[in-house]
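Trainee: I have a model to go through. Can we take it one question at a time?

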Amino acid sequence: MRPMDGKTALVTGASSGIGRAIAQRFADDGARVYLTGRRKDELEAAAEAAGPAAVAVPCDVSQAADLDRVMDVIRGDGRRLDAVVANAGLGDGSRFQDVTEEQFDVVFGVNTKGSLLTVQKSLPLLAQPASVILLASTTIHQGAPRMGIYAASKAAVRSLGRTWAAELAPRGVRVNVITPGPIATPAIDRVAGRLGLSSEDFHAALASQLPLQRMGRPGEVAALAAFLAGPQSSFITGAEHFVDGGQVQV
Ligand SMILES: NC(=O)c1ccc[n+]([C@@H]2O[C@H](COP(=O)([O-])OP(=O)(O)OC[C@H]3O[C@@H](n4cnc5c(N)ncnc54)[C@H](OP(=O)(O)O)[C@@H]3O)[C@@H](O)[C@H]2O)c1
């Protein structure tokens with residue numbers, strides 16, 4: 001018997017990086033997993049890799065109508081959601097003086113509004129008990145240059161996690177926030193590119209600032225998500241869980 005046999009999960013932003021690793025882990029643990037993302041080919045490749053219990057449903061989490069379609073697919077399959085991971089996210093990397101109104105809208109639209117819409121649209125389908133997992137970032141705890149809008153959008157997510165934990169507890173729904181430090185994903189490689197650095201050099205620079213002296217792996221975030229999704233974390237809600245190599249703890 002695997003830990004998520006018979007369970008159903010939704011993971012947004014599952015075509016890449018951390019979301020893909022979480023979807024893979026849930027599928028390996030026996031769950032039927034619905035994966036979302038905007039890029040159809042990448043999403044279908046991730047679902048295929050995760051195995052026959054994985055279903056790709058293209059969706060932009062900043063668009064309510066897209067999430068309605070995702071829920072229609074899950075409802076049509078006769079499923080209830082035991083776990084929802086609002087993972088889809090992105091950053092902009094601009095200095096404060098250069099941030100545009102459009103960048104602000106895109107980052108808050110995906111990270112903050114996207115998390116809100118994902119959880120809100122999931123509500124009618126949530127099982128009892130169910131686990132909701134949100135993705136924040138260690139940037140909400142440090143003043144990292146060029147990360148202002150991203151960090152603010154993630155601080156809002158962390159705050160929403162507290163409120164939703166209170167509001168949804170009577171329904172048997174736990175809400176927890178995962179706060180990763182630097183994890184080796186395509187998102188980090190894109191930041192390296194914007195800074196004119198090779199991925200290798202950027203990884204080394206980030207790792208040198210961490211007590212554990214290395215980058216995190218997507219699978220290490222997935223392991224925490226698996227714990228938070230399951231009954232072993234049954235008395236934990238509203239909390240923020242760090243998987244950051246000690247970045248903001250030590
Ligand atoms: N990597 C890190 O060091 C780190 C640290 C702290 C927090 N995080 C957070 O962890 C989460 C995953 O990041 P990652 O590093 O794995 O990034 P990634 O490799 O770039 O993956 C991001 C995922 O989000 C999806 N996505 C982006 N915008 C979307 C939208 N509008 N609608 C639906 N899906 C969307 C992307 O798919 P499409 O492009 O196909 O839509 C992709 O699957 C994010 O919330 C990120 O902020 C990452």
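Trainee: Where does the ligand lie relative to domain 1 and domain 2?

Mentor: This is a predicted model: local features need pLDDT of at least 70, side-chain atom pairs count only at pLDDT 80 or more, and totals for chains, interfaces and linings use all residues. Residues are numbered from 1 along each chain as its sequence is written. Domain bounds come from an automatic or database domain assignment. Domain 1 (8-181 + 218-242) and domain 2 (184-215) both give residues to the shell around the ligand, so the ligand lies between them.

Trainee: How many residues surround the ligand?

Mentor: A residue counts as near if its C-beta atom, placed from the backbone, lies within 6 Å of the molecule. Gly 13, Gly 17, Arg 38, Gly 89 and Ala 187 are the closest. The number surrounding the ligand is 32.

Trainee: Which elements give two or more residues to that shell?

Mentor: Helices (H or I, at least four residues) and strands (E, at least two) are DSSP runs, numbered from the N terminus. Those giving two or more residues are helix H1 (17-28), helix H4 (101-122) and helix H6 (186-194).

Trainee: Which strands stand at the edges of the sheet?

Mentor: Two strands pair if DSSP finds at least two bridges between them. Here 7 strands form an open sheet with parallel pairing, in the order S3-S2-S1-S4-S5-S6-S7. Each edge strand has a single partner, so one side of each is left without a neighbour in the sheet. The edge strands are S3 (54-56) and S7 (240-243).

Trainee: Over how many bridges do S4 and S5 pair?

Mentor: Strand S4 covers residues 81-86 and strand S5 residues 126-135. Ala 86 stands opposite Leu 134 in S5. The two strands pair in the parallel sense, and the bridges number 5.
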